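Please look through the structure below with an eye to its packing, its aromatic rings and the confidence of the prediction. The notes that follow take these topics in turn.

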Amino acid sequence: MKNIGTILATSLLSGVVTLGAYKLFFEPNNYLNTNNEITTSAPLRNVGNNVFEAPNFKMAAEKTIHAVVHVKNVSFRNAPRNPIMEYFYGYQGGSQTYAQVGTGSGVIISEDGYIVTNNHVIQGANDLEITLNDNRTFKAKLIGTDSKMDIALLKINTTEKLPYTAFADSDAINVGDWVLAVGNPYNLTSTVTAGIVSAKARNLSENGIQSFIQTDAAVNPGNSGGALVNSNGDLIGINTMITSATGSYVGYSFAIPSNMARKIVNDLMEYGKVQQGILGVQGYEVNSQIATEKNLNTAKGFFVESVTKNSGAEAAGLKKGDIIYAIDGKNINTFLDLNSIIATKRPNDLVKVALKRNNQNKEILVKLSKKEIAQLQFNGFEIENLSPTEQKKLGINYGVKINGITNERFKMYENELKNAVILAVNGNKINNTEQANEILSKTNNQQLRFDIITPRGERLRLIL
């Protein structure tokens with residue numbers, strides 16, 4: 001019995017020691033635990049109603065798809081007959097007429113059937129057909145076009161009121177705003193893609209007169225002429241182009257701003273052609289180098305190098321050396337900024353020009369002139385666009401005519417150069433006065449090389 005008691009006492013003591021050792025050495029919060037490692041976790045924030053949700057474009061898409069149409073352009077061309085067909089079937093020489101079909105998109109902008117699209121969608125068409133979202137088809141009439149801005153206006157006749165998309169203020173959109181592109185890529189009707197505004201006032205044209213909205217909404221062939229709308233489904237642009245080595249979408253697309261499209265459409269409806277006003281200044285954008293050279297206290301704005309004779313700018317008192325930094329409250333940094341604002345105006349419209357003169361701020365009201373009656377001063381030459389008759393006589397479809405010379409270095413050649421035609425500057429073909437002005441705005445008084453046809457038909461090259 002004594003041995004059994006000893007064994008029980010020993011077992012009990014061993015259990016107590018084991019339990020005590022576990023408590024002392026292995027359980028957390030013990031006194032001898034030397035583990036200093038701390039585990040942390042991100043704090044949880046009660047966001048309540050501020051939880052981010054992906055935008056819902058259902059309303060904007062429903063509002064837009066019924067106003068976007070499919071545009072079919074049918075043109076005819078003559079081509080030589082297939083000699084193999086002639087051999088087997090006995091066709092006699094000559095040519096055969098073939099139909100070519102192009103497709104694109106358009107946007108209904110009024111309930112009575114006016115449709116805006118791109119000029120390149122309908123260019124050269126012999127027949128235009130519009131298909132609505134409900135698959136009804138109509139023949140369309142071409143009301144007018146603006147090839148420079150790539151806008152065309154069509155009209156279909158229907159007794160029913162059509163769904164349409166209202167123009168919004170494209171100046172009110174910001175980089176980062178959500179947008180939808182609606183169109184008919186690859187003949188897939190009523191296709192909606194979403195993206196954001198990637199940039200504004202992109203200049204992709206050779207003549208420097210277009211100002212595009214850049215987005216990352218997917219746009220492909222067939223989308224041209226379709227709608228770019230904001231999250232409310234209002235029209236902020238006409239999808240126009242992509243820049244791609246493959247011809248398909250690669251991450252960005254471009255649209256003509258609605259403010260510009262609306263002005264062109266209103267002109268075509270009211271006058272049958274675009275009414276284009278001009279401010280009447282030529283120059284170049286200010287940068288840090290120009291600011292240092294000319295001792296300016298600003299490194300942005302548009303430097304006025306010359307003022308057009310008989311223009312609104314001349315009548316209002318604008319002068320060489322003025323720096324235009326805003327028009328109607330909108331900032332001006334480049335020629336494109338200036339031109340994109342003026343492009344939304346008509347002749348005789350008043351614009352408020354904010355400028356610096358001798359480093360002092362001034363505001364001047366300028367009445368825009370008619371483009372047709374104003375002559376541009378281009379590096380000492382007074383120039384104007386060639387008429388179709390003059391182009392035909394010279395056998396060319398480009399160039400601008402010299403009406404006079406104000407540069408003293410070339411006054412001695414005035415008799416020889418008056419009525420001559422400038423064909424190219426620095427190797428760039430000159431199509432019109434706007435393009436000549438744009439080239440000047442980029443030269444910053446650098447050397448210029450002119451290719452000219454004299455009134456006697458001689459071709460000369462002048463280095464200025």
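Contact here means that heavy atoms lie within 4.5 Å. By that definition, and not counting residues up to four places away in sequence, Val 116 touches Gly 106, Val 107, Ile 109, Ile 151, Ala 152, Gly 225, Ile 238 and Val 265. This is a predicted model, in which local features need pLDDT of at least 70 and side-chain atom pairs count only at pLDDT 80 or more, whereas totals for chains, interfaces and linings use all residues. Residues are numbered from 1 along each chain as its sequence is written, and side-chain values use heavy atoms, with hydrogens and water left out.

**Confidence**

- The pLDDT, which is the predictor's confidence in each residue on a scale from 0 to 100, averages 80 for the protein, and 76% of the residues score at least 70.
- Over residues 31-47 the pLDDT is below 50, and this stretch has three contacts in the model beyond near neighbours in sequence.
- Where pLDDT is low, the predicted coordinates should not be read in detail.

**Nonpolar cores**

- A nonpolar core is a set of buried Ala, Val, Leu, Ile, Met, Phe, Trp, Tyr and Cys residues joined through side-chain atoms within 4.5 Å, where buried means under 20% relative accessible area, exposed over 50% and partly exposed in between (1.4 Å probe, protein chains only).
- The largest nonpolar core has 27 residues, of which Val 107, Ile 109, Val 116, Ile 151, Leu 235 and Ile 238 touch the most other members.
- Helix 5 gives the most to this core, with five residues; helices (H or I, at least four residues) and strands (E, at least two) are DSSP runs, numbered from the N terminus.
- Apart from this core lies another, of 20 residues, among them Leu 279, Leu 338, Val 353 and Val 366.

**Helix 8**

- Helix 8, residues 335-342, is mostly covered, with eight of its eight residues buried, and the buried residues include Phe 335, Asp 337 and Asn 339.

**Aromatic rings**

- Rings of Phe, Tyr and Trp (its six-membered ring) pair if their centres lie within 6.5 Å, and planes under 30 degrees apart count as stacked, over 60 as edge-to-face and the rest as tilted.
- A search of the whole structure finds four aromatic pairs, including the edge-to-face pair of Tyr 252 and Phe 254, at 5.9 Å centre to centre with 65° between the planes.
- Tyr 252 is partly exposed, with a relative accessible area of 33%, whereas Phe 254 counts as buried at 5%.
- Phe 212, Tyr 252 and Phe 254 form one aromatic cluster.
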